[in-house]
Amino acid sequence: MHGIKGSFSFEGDELEYTIAGKGQPILVLHGGHSNCYETFGYVPLIQNGFMLITPSRPGYGETSAAIGDSLAKACRAYVQLIKHLRLKKVHILAISAGGPSGLYFASHYPEHVNTLTLQSAVTKVWHMPQDNIYRIARVIFHPYTEKYTWKLMAGMSNLFPAWTFRLMVSSFSSLTFKQIKPLLGETDIDDVRKMNHRQRSGAGFLIDLSQTKDIKSKDVMNISVPTLIMHSKYDGAVPFEHADEAHQLIRESRLCVLDSWGHLIWLGKEASAVQEQLLGFLNNR
């Protein structure tokens, strides 16, 4: 799927990226535990004439964690990536923990942005150090332990795909599994199995946890580009209030409330409707 793999040096540190498809450029700022080889939601965009440029965000894949010293530095690197590829403007697609990067970029570099789309995105302070989930994440997704965490998850997904999916689903959805079951797509369990094989946290997820506090209301209010906010009302990973608050602060925004079964809005019976709404937004700009 990813036809081009590249990298370049930014202030002495490496940033890797992939390019998939041809057409209007979209800069994809992937979610947590991901990298430049993300695939969720890519095929419909490629088939409809878009080129997806996906950098591994700082600490993920082969991208240096030093680029993530701040959101400001990371976004300067993305500007250089756009220039490196001889582009002037891109659509921004910011996903989950990539939300703060997308918001900061659109706020500070509007001259390089056609549109901003937020999908299941973190838009404000997320997990705090005093939260149990924060403490657990710092252990199981620490750079020294995360590879064992994901190796275990991948192995469990291979041996017991349905059971592992059921075990994980509470972290993605506020619904019970009984409520989720009628909303599942035919390939959802296998898609999550494949996801568990490509997921790695590196140093990236701890960077993400530390930087959600760095996106300020004034940054969000400064966004002037057309913005689409897509969020499931059943998201169990990033509460819906993140979408609602961003919608209130971004004057040129449209809030798309989804009936998807949870955080992974590219899965389930609502997936095609999600893609149709995104394509409609992009094609009208």
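Which residues are linked with Lys124 in a network of salt bridges? In this predicted model, the partners of Lys124 in that network are Glu241 and Glu245, and the close-up views below begin with this group.

**View A. The salt-bridge network of Lys124, Glu241 and Glu245.** The side chains of glutamate 245 and lysine 124 meet with an N to O distance of 3.3 Å. The pair joins distant parts of the chain, 121 residues apart, since glutamate 245 belongs to helix α11 (residues 241–249) whereas lysine 124 sits in the loop between β6 (113–119) and α4 (132–140). Lysine 124 is buried, with a relative accessible area of 18%, while glutamate 245, at 30% relative accessibility, counts as partly exposed.

**View B. The salt bridge between glutamate 146 and arginine 200.** The closest N and O atoms of this pair are 2.7 Å apart. Because glutamate 146 lies in helix α5 (residues 146–159) and arginine 200 in the loop between α8 (188–198) and α9, the pair ties together parts that are 54 residues apart in sequence. Glutamate 146 is buried, at 2% relative accessible area, whereas arginine 200 counts as partly exposed, at 39%.

**View C. The salt bridge between arginine 76 and glutamate 11.** Here the closest N and O atoms are 3.4 Å apart, and the pair links distant parts of the chain, with arginine 76 in helix α2 and glutamate 11 in the loop between β1 (4–10) and β2 (13–20), 65 residues apart. Arginine 76 is partly exposed, with a relative accessibility of 35%. In the whole structure, eleven salt bridges are found.

**View D. The largest cavity and its lining.** This cavity, one of three of 30 Å³ or more, holds about 40 Å³ of space. Its lining includes Arg57, Pro58, Ala74 and Gly204, and the largest share, four residues, comes from α9. By class, the lining residues divide into four nonpolar, three polar and two charged.

**View E. The second largest cavity.** About 40 Å³ of space lies in this cavity, whose lining consists of Arg57, Leu71, Ala97, Pro100, Ser101, Asp208 and Gln211.

**View F. The largest nonpolar core.** Of the 47 residues in this core, those with the most contacts inside it are Ile26, Leu45, Met230, Trp261 and Leu264. Helix α12 (residues 271–283) gives the most to the core, with five residues. Another core, of 38 residues, lies apart from it and has Met51, Tyr109, Leu118 and Ala243 among its members.

Conventions: Residues are numbered from 1 along each chain as its sequence is written. This is a predicted model: local features need pLDDT of at least 70, side-chain atom pairs count only at pLDDT 80 or more; totals for chains, interfaces and linings use all residues. Side-chain values use heavy atoms; hydrogens and water are left out. A nonpolar core is a set of buried Ala, Val, Leu, Ile, Met, Phe, Trp, Tyr and Cys residues joined through side-chain atoms within 4.5 Å. Buried means under 20% relative accessible area, exposed over 50%, partly exposed in between (1.4 Å probe, protein chains only). Helices (H or I, at least four residues) and strands (E, at least two) are DSSP runs, numbered from the N terminus. On a 1 Å grid over the protein atoms alone, a cavity is a set of points where a 1.4 Å probe fits but cannot get out, and a pocket is an open set with protein on both sides within 12 Å along at least five of seven lines; lining residues have an atom within 4 Å of a point. Grid points are joined across faces, edges and corners, and a volume is the space filled by probe spheres set on the points. Ala, Val, Leu, Ile, Met, Phe, Trp, Tyr, Cys and Pro count as nonpolar, Asp, Glu, Lys and Arg as charged, and the others, Gly among them, as polar. A salt bridge is a side-chain nitrogen of Lys or Arg within 4 Å of a carboxyl oxygen of Asp or Glu.
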